[in-house]
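Reader: I would like a close look at one part of this model, taken slowly and with the residues named. Please begin with a pair of packed helices and then go on to whatever else can be said with care.

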Amino acid sequence: MTLRIAHYALSGRALLAPMAGVTDRPFRQLCRRFGATLAGAEMLSADQRLWTSGKSRRRMDHEGEPEPRVVQLVGSEPAPLAAAARRNGALGAHRIDINMGCPAKKVCNRYCGSALLADEALVQRILDAVVRAVSVPVTLKIRTGTDPTRRNAARIAQVAQSCGVAALAIHGRTRADLFRGAAEHDTIRAARAHVHMPLFANGDIDGALRARAVLDFTGADGVMIGRAAQGAPWIFRDVNRYIATGQFAAPLLRAAKTEIILQHLESLYEFYGEHTGVRMARKHLGWYCRQHPDAIELRSSLMSIEDSASQFAAVKCGFERWARQEAA
Ligand SMILES: Cc1cc2nc3c(=O)[nH]c(=O)nc-3n(C[C@H](O)[C@H](O)[C@H](O)COP(=O)(O)O)c2cc1C
């Protein structure tokens with residue numbers, strides 16, 4: 001059966017998790033090419049005064065992205081969040097996602113992100129206000145609770161459903177866990193029992209088998225993948241194929257991966273310009289290098305390069321050599 005979020009039919013069951021500093025437009029487009037559905041943008045503050053910064057403007061840049069374009073908002077109060085949602089709807093967002101999952105101190109000190117999970121009444125007021133403010137679907141991303149003694153994701157899920165939220169993603173850690181320990185999926189399974197809205201399980205899903213196991217255990221409709229997509233945007237192809245057919249996709253050849261990496265670099269240079277493009281590329285190259293047998297040497301040689309032409313040439317040389325070793 002085709003999975004839908006409101007009227008949007010999802011082509012697969014694997015979503016790209018929003019990751020600030022990672023899921024920029026070039027990375028979203030790359031992951032979508034490999035079948036990531038509804039690839040989420042980086043969180044954007046509901047405080048519109050901050051939207052003039054270069055960082056926010058880039059986060060709001062969805063040019064050329066296929067529908068549906070997803071904007072994720074982080075904030076602490078109903079009215080500014082509703083206003084920010086309305087504005088993004090007017091700017092062309094096809095779905096508004098509310099971030100109640102971020103544990104970062106900078107965010108939580110202002111009582112946003114996962115800190116909001118401590119106040120279910122406020123969660124309700126926020127979701128009510130945002131859903132009423134826009135005509136596009138509103139979705140929610142949460143953690144399992146504020147700390148291991150207060151895992152209230154199932155109640156938040158019910159609140160969300162009663163407010164008309166169109167889908168929910170749950171990261172299997174509490175706010176207090178940060179990224180420590182393994183994600184647990186019992187709370188996601190418990191939430192599933194309380195809501196019928198589309199539900200996405202998130203946390204430590206690193207491949208097709210794990211995705212299948214988490215879907216089977218939780219009863220979720222799909223999985224949301226974050227860190228495992230870093231340096232491996234093709235993971236969505238593998239996971240979607242396995243979930244849909246029970247068959248593994250043929251592994252991508254190194255030559256194909258090299259081509260993808262080079263195209264990714266070009267899109268980063270174009271999106272960010274020379275200076276920032278080279279620095280953003282370093283971050284992704286660090287992840288791409290993990291699969292290279294000479295990862296340490298290659299990585300350190302790439303990190304010191306200051307201009308895009310030399311960086312591109314060094315990556316091409318290093319990864320093409322790696323691809324030739326496979327072909328030999
Ligand atoms: C670098 C980084 C940035 C993130 N930024 C966001 C964000 O902007 N919004 C959000 O809802 N979650 C954010 N997250 C959390 C992820 O969406 C996801 O919930 C988490 O990484 C667990 O999934 P994973 O184990 O598949 O990585 C971020 C995570 C990382 C590692």
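How close do the axes of helix α11 and helix α13 come, and at roughly what angle do they cross?

Author: Please keep in mind throughout that this is a predicted model. Two packed helices are described by the angle between their axes and by the distance between those axes. For helix α11, residues 274-288, and helix α13, residues 308-327, the axes come within 10 Å and cross at roughly 20°. An angle under 35 degrees counts as roughly parallel, and α11 and α13 are therefore roughly parallel to each other. The crossing in which α11 passes α13 is left-handed. On the α11 side the residues in contact are Glu274, Val278, Ala281, Arg282, Leu285 and Tyr288, and in α13 they meet Ser308, Gln311, Val315 and Phe319. Sorted by class, this contact of α11 with α13 has six nonpolar, two polar and two charged residues.

Helix α1, residues 25-33, packs with helix α10, residues 254-272, at an angle of about 150°, and their axes are 9 Å apart. That angle makes α1 roughly antiparallel to α10. The crossing of α1 and α10 is right-handed. From α1, the residues Arg25, Pro26, Phe27, Leu30 and Arg33 meet Ile260, Gln263, His264, Ser267, Leu268 and Phe271 of α10. By class, the contact of α1 with α10 has six nonpolar, three polar and two charged residues.

Turning to the ligand, there are 16 residues around it, of which Pro18, Gln72, Asn202, Asp204 and Arg227 come nearest. A backbone N or O atom of Pro18 lies 2.7 Å from an oxygen atom of the ligand, while a backbone N or O atom of Ala20 lies 2.8 Å from a ligand nitrogen atom. In the case of Asn99, an N or O atom of the side chain is 3.2 Å from a nitrogen atom of the ligand.

Two details of the backbone remain. Most residues other than glycine have a negative phi, and most peptide bonds are trans. Ala6, in the loop between β1 (4-5) and β2 (8-9), has a positive phi near 50°. Glu67 and Pro68 are joined by a cis peptide bond with omega about -10°, and Pro68 is found in the loop between α2 (54-59) and β5 (70-74).

Definitions and conventions. Residues are numbered from 1 along each chain as its sequence is written. This is a predicted model: local features need pLDDT of at least 70, side-chain atom pairs count only at pLDDT 80 or more; totals for chains, interfaces and linings use all residues. Side-chain values use heavy atoms; hydrogens and water are left out. Axes are lines fitted to C-alpha atoms, for helices over the stretch in contact, and angles run from 0 to 180 degrees between N-to-C directions. Helices (H or I, at least four residues) and strands (E, at least two) are DSSP runs, numbered from the N terminus. Angles under 35 degrees count as roughly parallel, over 145 as roughly antiparallel, 65 to 115 as roughly perpendicular and the rest as oblique. A crossing is left-handed if the near helix is turned anticlockwise from the far one by less than a right angle, and right-handed if clockwise. Contact means heavy atoms within 4.5 Å. Ala, Val, Leu, Ile, Met, Phe, Trp, Tyr, Cys and Pro count as nonpolar, Asp, Glu, Lys and Arg as charged, and the others, Gly among them, as polar. A residue is near a molecule or strand if one of its heavy atoms lies within 4 Å of it. A polar contact is a pair of N or O atoms within 3.5 Å; within protein, one must be able to donate a hydrogen and the other to accept it, and residues adjacent in sequence count only if both atoms are side-chain atoms.
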